[in-house]
Amino acid sequence: DRNRVSAEYIARIQQPGYINGIGKPVVNLPVEYSDDTLKKVTASLQDVQCTQNYYEVAQLCEKVKALQPKTILEIGVDRGGSMNLWLQFVPHDAQYIGVDNAMQFVIKRDTPQQKILIEADSRLPATLEKVKAALNGAEVDFLFIDGDHTEASVRSDYAMYAPLVREGGIIAFHDIDASINQEHCKGIKKLWQELKASGITTAEFVNTDTEVYFGIGVIVKEHKGA
């Protein structure tokens with residue numbers, strides 16, 4: 001029963017130090033992250049909880065670590081849980097730009113990276129201009145889209161901010177195949193299926209070994225003419 005699972009999950013995430021999925025290690029899925037990556041992910045998720053499955057986000061963090069991005073753009077900051085995750089795996093001189101329409105809940109940890117938080121609606125042209133101003137001519141190395149989950153909004157976020165990502169950079173979506181709140185996430189899933197069908201190279205991290213999962217979809221922006 002999905003409603004029961006959802007209700008139980010919401011109750012569990014109120015508990016200090018709760019990490020989604022950690023009590024049931026993966027068995028049927030590839031593990032491509034190192035022990036060090038997993039250690040950093042679990043410590044960060046214990047510190048600032050967020051709706052990430054440990055396996056899914058560890059898979060992504062391994063890619064982020066390999067990329068060593070200097071510019072990170074996140075659409076949908078919420079409490080800052082994923083922001084604090086990314087900053088464990090990027091250079092000290094990296095710049096993080098987060099866009100959200102409600103910044104009062106953000107928990108910022110003391111890390112050396114520059115953090116620019118833009119409190120605004122990601123869909124507005126004025127917000128895009130603020131992001132470009134913060135970039136100051138730089139391209140984005142890693143874009144994470146996890147804002148408003150309506151189909152119109154996720155399409156807008158992709159159309160507006162993906163062009164800022166450099167060739168070889170990473171674009172990632174959260175909630176591409178969630179086991180709960182499926183109605184809420186259906187717009188993201190629809191766009192993700194379209195992107196996969198378009199022929200671009202994609203990767204998916206979905207922890208189907210656990211009862212509650214969200215799914216992360218990853219695109220590596222291809223070189224022009226590829």
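This is a predicted model: local features need pLDDT of at least 70, side-chain atom pairs count only at pLDDT 80 or more; totals for chains, interfaces and linings use all residues.
**Opening question**

Residues are numbered from 1 along each chain as its sequence is written, and side-chain values use heavy atoms, with hydrogens and water left out.

Helices (H or I, at least four residues) and strands (E, at least two) are DSSP runs, numbered from the N terminus.

Within α5 (residues 125–135), T127, L128, V131, A134 and L135 are buried, meaning under 20% relative accessible area, with exposed over 50% and partly exposed in between (1.4 Å probe, protein chains only). Looking down the axis of α5, these buried residues fall within an arc of 120°, so they line one face of the helix; the arc is that of the directions from the helix axis to the C-beta atoms. Exposed P125 and A133 sit on the face turned away from the buried side. Just after α5 comes N136, with a positive phi of about 55°.

**Two nonpolar cores**

A nonpolar core is a set of buried Ala, Val, Leu, Ile, Met, Phe, Trp, Tyr and Cys residues joined through side-chain atoms within 4.5 Å. The largest one has 32 residues, and V41, V57, L60, W86 and F142 have the most contacts inside it. Helix α3 gives the most to this core, with seven residues.

A second, separate core of 29 residues includes L135, Y161, L191 and Y213.
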